[in-house]
Amino acid sequence: MKKIVSTICMVLLLISCTDNFSSVVDFTKVENPTLSEASVVGQPNSSVIWLDGIKQNMAFVYNELLVLAELGSDNYVNTQTFYNQFLDNLTLLSADPDLRDATREVARLREMAKFGLEFVGPGDSEYSSEQEADFNFYLGLSYMYAGMYFPALPQEPGGAAISASQNYQDALVAFDKAIALNPGQTRYLLAKARVNYYLGDKTAAVAAATAALAIDDSFDNIVRFDADAPTGTPDGTNPANVMESALYQRATFDDLQPLPTLDFLDPKYSFLSDGEDAPVHYLKAEEALLILAEANLSDGNVAAAQDNLTDLLELIATREVRSIDDSIEGRTEGMPRSRPDSTIVVVNGREGLVLNRHSGDVEIPSVSGTSLTAEDIESLTADDDGLELLYRTRQEVFIAEGLRFVDMGLKLIIDENETLQNENISETDLGAVPLIPSFISAVASDLDAITYDAATGVATTVVDVNKILVANKTSPEVLPFH
C-alpha cells in the first residue's frame, strides 16, 4: 500500500493549481492496476495511508514556502543566489517559478485533504473520527498558509481568488471541526490560536493558546525530511530539507547568511543522520507563550507578560542544542572580513551574538533559541521598548520557520499560471498585485544590510526592523493586537 501512495503522490506533483483535481483521481484512464480507484478508495485503512501521503506533502509545502519567506524577511541575505534571486529585495514577479511552486503546494495540500474527507474516509471501513479530524486539520492548514503568505488565493481549481481574511476564516471552520472530532490535540488548538492572532482576535487567540498549553506546556510538532531523497520528485520517501541544504549542507557556499544579530542561532538546521534531515518545528508551545505575552502587554498587564516570558525561557532551556562542526563555513572566504565571525564582535551595541566557527564546535539551538535574559524580562515595560523586545524574541524563536515574513506584514503574489489560465483571475485582482507595507518597501534594499568594521569588531544593521514594526503598530498589516 505504501507503494500505491508513493505513486499517487508522484502523479500529484505533476498538476498545478489550475488543473482540475478530478484528473488526478480519475483512475479510469490509468492502465497501471496499482493506480486503480479500487486500490485506494474503499480499501480498509486507506485513510491512514492517505494521511501518510498528506504528511509527506507537508515537507514539500515547507520546502517551497520557507526559503521564500526567510529570504523576503530580514532574517537572511542571499549571498550566492543559488536560491531565489528576487525575494531578497522583495521583488515579486508573477513569472517566478518559485512562486508557482509555492502556490501549487498550498493547493495540493488543500486538494489532498478534501479528497480524504470526500472519498477516502467515507470509503474506508476502518475510518475513525481521529482520521476525519486530521483531514480537517490539514485542510485548515492549507487555508491558513494561503492567508499567511498570500493576499488572496483560489480555494478550488479555476476558482476566484479568495482574500486572506476569508482564507483565515475558513481555516478556523476546519480547525473547529477537527477539535470537535478529536479534542485535546495541541496542534489543532495552536493552529486556531495562530489564525486568530493574525486576524487580531485577541480573546480567541488567547483562549486557544491557553487551552493548548493546558494540555501540554512543552508541545512541539515537526515536519519530517529524509536526507537521502531528492528534493523535487517523491520516490516513496519524504524530500530532503531545502533549508538545511541552504544553511548547512552546501558548506562553503553558505547561500543564506543570517543577520549578525541572529548569528548565534545559525544554522537552525544541520546534519541529523545519513537517512534523515533535520525537521522543521511548527506549531510549538513557544508560539502560544508569545501570543499570551503580547496579549498581556497590549492590555498593560506587565506582570502577566513577564510570567509568560519567564515560562518561555524555562521552556527554551529544555530544548535540544546541537554541537556542530561549522568550521568550513564560507561566509568570509569570498570577501574576507566582510561579515562578523568572532565572539568579540559587538552588534548594535550588544555582545555575545556572533560565534567563532573556526575554534571548535559551536552550540546551536535546533528548536528555539533566544538572547532574551531574565534581566530583560525584569525590566519589561508596556511601551514601545517592551514591544521591540517581544518582537526581537519572536524573530529569534521562529528563525527559519517562516513566521518573520508574516510578522513583517509581507505577502507573496499569485503566480503567472493562474492569471494566464484561470478566467476568474486577472493581473489586477487582489493577490496578483504586490502588497508590501510602505514602511517595509521604503527600506527593502536595506532589510538585511550591515556595516562591519573588522578592525574594531563593530557591526551594525543598517535598519532595525523591530523598531520599524513597532513604530507602525497601528497599521493593519502588523502587530495584530495593537
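How many aromatic pairs does the count come to? In this predicted model, the count comes to 11 aromatic pairs. Take Phe115 and Phe119: their ring centres sit 5.1 Å apart with the planes at 35 degrees, so this pair goes down as tilted. Both residues belong to helix α4 (residues 97-120), where a spacing of 4 residues puts them about one turn of the helix apart.

On to the charged side chains. The structure holds 20 salt bridges. One of these 20 pairs Asp134 with Arg187, with 2.6 Å between the closest N and O atoms.

As for strands, β8, β11 and β10 make up an open sheet of 3 strands, in the order β8-β11-β10 and with mixed pairing. The edges are taken by β8 (346-347) and β10 (450-453); each has a single partner strand, so one side of each is left without a neighbour in the sheet. Strand β10 runs antiparallel to β11 (residues 458-461), and 4 bridges join the two. Within this pairing, Ile450 has Thr461 of β11 as its bridge partner.

Conventions
Residues are numbered from 1 along each chain as its sequence is written. This is a predicted model: local features need pLDDT of at least 70, side-chain atom pairs count only at pLDDT 80 or more; totals for chains, interfaces and linings use all residues. Side-chain values use heavy atoms; hydrogens and water are left out. Two strands pair if DSSP finds at least two bridges between them. Rings of Phe, Tyr and Trp (its six-membered ring) pair if their centres lie within 6.5 Å; planes under 30 degrees apart count as stacked, over 60 as edge-to-face and the rest as tilted. A salt bridge is a side-chain nitrogen of Lys or Arg within 4 Å of a carboxyl oxygen of Asp or Glu.
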